[in-house]
Amino acid sequence: MAPRKKAEPKKKTAPPKKPAAKATKAVAKKTPSKTAVAKVTPSRLEPSGYQGARSGNLIIVESPSKAKTIEKYLGSGYRVRASYGHVRDLPISGKLRNEEVVGIDINSNWELRYQVIDRSDTGGKGRRSTQDILQELQRESDRAEHIYLATDPDREGESIAWHIEEALGLDPERTKRITFNEITKKAVLKALQDARAIDDNLVAAQEARRALDRLVGYPLSNLLGKKVSRGLSAGRVQSVAVRMVVEREREIEAFQSEEYWKILALLSPMEAAKLQIGNQFPLKVYAKKKQESDDVDEDSESEDGEKSTAISKNEPVKEQRKGAFHPPEGYFIAELHQWDGASFKAASESEIDQYLSALDNANFKIATIEQKDRNDHAPPPFTTSTLQQQASTRLRFSAVRTMLNAQRLYEGVNMGSSGQVALITYMRTDSTRISEDAMKMVREHIEAVHGPAYLPAKPNYYKSGKSAQEAHEAIRPIDLAMTPERVQAYLDGDQFKLYKLIYDRFVASQMSAAIVAVTTIDIQAGQAIFRAKGQIEKFAGYRKVWPAGRQEDVTLPPVVARQDLLRHGLSATQHFTQPPSRYNEASLVKMLEKEGIGRPSTYATIISNITKKGYVELQDRRFFATELGKMVNDLLVAHFPQVLNLKFTSHFEEELDQVADGKMKFEAVLDEFWKPFKSALAAADSNMPVQKGQETGEPCPKCSRPLVRMYSSKRKGYFVGCSAWKDKENPCDYIKPQEGQADLALVEVHCPTCGQPMKQRSSRWGTFLSCTGYQADGSGCNTIANLGPNGEIVVTCKPTDEECPACHAKLLWRQGKAGPYFTCRNKECNNTIEAGPDGKPVPPIDTGMNCEKCGSKMIVKKSWRGPFLSCSGYPKCRNAKSVPAELKEKLKHLYPKKEKETEQLPEVEVKQTCPECGSAMKLRKARGNYFLGCTKYPKCKGTSQLTADLEEQLQQAEA
């Protein structure tokens, strides 16, 4: 694209710089219209007029942690300062007369209007304003000989660098751009040598993305506010992600389950001893379906991963089999594979009975044996998406949690006497490339630590995605000498887990393939062919560092072709086809990447946004589409099929790549989108049905006016309330309680603290009672309560006479998930203190540690998940971290006890031995049912049924 001019530099001979300069220049001339906000933040600072001598060099980065890490590598001739992220953006509100969308003048060749970010509008309470930060950067840049913009090495980082240059009015002759993928002395010095001008094409690509997100998001959000409810939002990427979840939900709802059966045979060579299996290998095993009676509730996971309940046909319900049967040494299980030359299929019990009858007298004989080695190759090093997927699967981290901790590892952590040290390379990347130096380092490490056998003859190379920026590297440790064990003392729990994950994956990616010996045995039995598969890991290879999931060795006994076998039993198992799985964070990120939706840096934000807006819910780590999500998705898909199309979204990402490469113009991308979208907007404004305020047909119990169904973005869901809530003369605030909740609006309750009437209020957690003596400044009565199941008042918050040790204001007593605690009434203080058994505040536990950010003492605080360390300077300093290993033993009494630890099992005498290893068995309980488990668990996972004698003992013990 042809770069647009910006404000004239001081020297007329200076080369022109990048996009949207007309926007910058225009801001100074334009006068806001009456619809614009009163407060207009200028897009750039006024020239300082500095005339003094210049000395030294200034490096500007985004974060103070990154600044601290870089500063230690450079001499006194360099000063490193932070911009704290973005410094300018399109205005949030205040559309001018010439703007169809706030901040964008479409008719003036897509002129973008920027202003300095007001952090008070973006949750930046307690931080310096952007204006203050820019003024500091201006003072530093005025007295520096050279300014280096060292923001992140991607399009967004390039855009931030350009905005800093524009906002400060930096002299292009003294200003250069530097990038590096890892924060090391070598990388930073190399970047300074390769300093360049800001890449106009990269900035143009980022501007096109920002403009299109605004063009889609603002009009669609306004339309949803008009048709559905205020507070809703839509977006180019987030709405497509919601569509993916909704469509998967609809697939599950429409799925028709089909029945199928398998037949298994328990076999052994002729010379094996007769096995006493009892009812552990029953003739028939039935799958428990959801609609069946709940008298059987013991779920076990079958070999194919399907959850089913195993019940022997000839046994009572209580004798159901617990888990899969594991044959002892010398025995194996084969599955019916073919019948009369065709693949075996059976869809009903009547069919399976015929097959069982035909097999009753069949002789089993080895038909063929196939043995071969299979190479299991190492996985590639992490990209952003694969890091988020594996962190979700192996660590149960959300995408946001993963990226937050990865950012800290990249920017640097305090390593004691070593100072601030960066541990990993840049964490927003879709490239699997490894630099030559890193390749040499990891190969030397593998040979020295694991031995030559684990080092392949040639390095492993991996193919990146087609849109990967090959200037980047994969996510990897900077220095393999910094082992996870060596740095563990300096990292909190999350940081250590994530660093170990990245470290192990990188080392594993350059190790030899694992070798697995796979044996396939086909067994002839009359018209049937049974098949048994076994595998043994002959060589661990990369699995020595990166274990391969739940794969277990299955050993088959030594047999030869044409050998006769003993059949010890047949078992027919019922199954039902399962609907597709709901997305979890890992699979949703994988699908977003596969479809080209968004970029690596946006996945965490996409998932966070659609969850916060109430379009999807995360239950048991799976995404469920909400009623609101389905309704909004249906409206948008019906009226904006182009925008909600996966191919359109991925096509736009490809066009952004072309803009970044200089092959396509900024304006062409936006023109292609805007004209058809504008027409669709006009049509939707007329044709989209209004969803809010629909009458339910019920009268209000307080004023008899109609009740209506509405959506609340605050409560993230629908509710039913009185239609007269906006009536100026006689408003009614009645809200119908949800099922199972008391109708608080119709109950007269007086405050147990001060005696004044209590009033029903609502929040995103539901309805509650609040004292009418409450004052916003905290001077009134702060009592909050709920009604118990018997109509009793359950106080959840009340004032006390206790004083806050930090500011001496009065404390409030509150009931939380982890139990009662105290919080300060002074909102500026907001101190929290644990409540003791006597109901008094408990002094904080002194850890002997100081906050690395502000130097204050670190104290122990408690949450419903357990204790954590928090800075005593909160809320001015919000530093918090997990409890280090050396303190966990001291604080173990603060961790919530697991149900298994607190549950007492009945005392009964168990005489049985494990059918798999012969060890003693013990009584165990799972999901309300008792069974016998091996005392050597988890090494041995043998289980068995309760005998009649044990059942009788249990009944007596429970009585």
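Analyst: The answers below concern one threonine, the aromatic pairs and the charges over rings, all in a predicted model.

User: Where is Thr69, and is it buried or exposed?

Analyst: Thr69 belongs to helix H2, which covers residues 64-71. Thr69 is buried, because its relative accessible area of 0% is under 20%.

User: What lies 2.5 Å from a polar atom of its side chain?

Analyst: That is the backbone oxygen of Glu411. Beyond its sequence neighbours up to four places away, Thr69 also touches Ile183, Gly412, Gln420, Val421 and Ala422, among others.

User: Changing topic: how many aromatic pairs does the structure hold?

Analyst: There are 13 aromatic pairs. One of them joins Phe344 and Tyr355 edge-to-face, with 5.0 Å from centre to centre and 80 degrees between the planes.

User: Which parts does that pair tie together?

Analyst: Phe344 is in the loop between strand E14 and helix H8, and Tyr355 is in helix H8, so the pair connects parts 11 residues apart in sequence. Phe344 is buried at a relative accessible area of 13%, and Tyr355 is buried at 18%.

User: Why is the pair of Tyr410 and Tyr426 edge-to-face?

Analyst: Their planes stand at 65 degrees, with the centres 5.3 Å apart, and an angle over 60 counts as edge-to-face, which is why the pair is so classed. Tyr410 lies in helix H10 and Tyr426 in the loop between strand E17 and helix H11, 16 residues apart. Tyr410 and Tyr426 are buried.

User: And which charged end sits over the ring of Trp813?

Analyst: It is that of Lys798, 5.3 Å from the ring centre. Arg214 lies over the face of Tyr218, at 4.0 Å from the ring centre.

Terms used:
Residues numbered from 1 in each chain as written. Predicted model: local features only at pLDDT ≥ 70, side-chain atom pairs only at ≥ 80, totals over all residues. Heavy atoms only, no water. Helix = DSSP H or I, 4+ residues; strand = E, 2+ residues; numbered from the N terminus. Buried < 20%, exposed > 50% of the residue type's maximum accessible area, 1.4 Å probe, protein only. Polar contact = N/O pair within 3.5 Å; in protein donor to acceptor, adjacent residues only side chain to side chain. Contact = heavy atoms within 4.5 Å. Phe/Tyr/Trp six-rings, centres within 6.5 Å; stacked < 30°, edge-to-face > 60°. Lys NZ or Arg CZ within 6 Å of the ring centre and 35° of its normal.
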